[in-house]
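Please read it alongside the sequence and coordinates.

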Amino acid sequence: MTAGWTEDRVGALKKLWLEGQSASQIAKQLGGGVTRNAVIGKVHRLGLSGRAAPSQPARATFRPSRPRPAAPPTQAPSAPRRIEAVQPRPAAQVPAPMPDLPGTATVMTLGAHMCKWPIGDPSSTEFSFCGRRASEGVYCVEHARVAYQPAVRKGGKDGATELARSLRRYI
């Protein structure tokens with residue numbers, strides 16, 4: 001059912017619109033089957049311009065900065081130290097890297113640079129991910145070879161044969 005736009009309704013619409021009421025608010029006040037979309041359509045057909053005041057307050061674009069913590073007190077420079085002969089320190093033992101064992105990562109322990117190749121049945125309790133260091137992308141080198149296979153041309157024809165065949169059509 002469509003509501004008829006009488007002169008009284010149009011007058012009330014103009015007044016409410018210029019007061020800054022929203023289309024939904026105007027539709028409620030006019031009643032009688034007038035919808036928000038009907039109000040919007042009539043506003044556009046009447047060519048009504050901006051409002052006196054927006055229906056919602058404008059958001060503040062300026063935010064006051066948060067107070068920064070006080071800088072730690074600076075210490076006075078110490079007296080110059082005597083330089084003594086430096087004796088070489090024994091080389092620190094670097095721990096050997098842990099071997100990346102496949103299937104050691106779970107959903108909870110999986111990191112950003114770990115291989116995300118699923119191992120096992122996702123519905124079983126033994127399900128895990130490869131977990132080795134991912135070279136590029138989301139898989140380790142071995143699983144990337146399996147996941148990213150080179151495209152195989154259909155038909156087994158080489159490029160030269162296919163080109164010659166396509167050129168014969170135009171000769």
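The whole structure contains 2 salt bridges, each defined as a side-chain nitrogen of Lys or Arg within 4 Å of a carboxyl oxygen of Asp or Glu. The model is predicted, so local features need pLDDT of at least 70 and side-chain atom pairs pLDDT 80 or more, whereas totals for chains, interfaces and linings use all residues. Residues are numbered from 1 along each chain as its sequence is written, and side-chain values use heavy atoms, without hydrogens and water.

**Salt bridges**
- Glutamate 19 pairs with lysine 15 at 3.0 Å, N to O.
- Both residues belong to helix H1 (residues 7-19), 4 residues apart, about one turn of the helix; helices are DSSP runs of H or I with at least four residues, and strands are E runs with at least two, numbered from the N terminus.
- Arginine 132 and glutamate 142 form a salt bridge, with their closest N and O atoms 2.9 Å apart.
- Because arginine 132 lies in the loop between strand S2 (128-129) and helix H4 (141-147) and glutamate 142 in helix H4, the pair ties together parts 10 residues apart in sequence.

**A buried lysine**
- Lysine 42, in helix H3 (residues 36-46), is buried and has no salt bridge; buried means under 20% relative accessible area, exposed over 50%, and partly exposed in between (1.4 Å probe, protein chains only).
- The nearest side chain of opposite charge to lysine 42 is glutamate 7, 11 Å away; Lys and Arg count as positive, Asp and Glu as negative, with His and the chain ends not counted.
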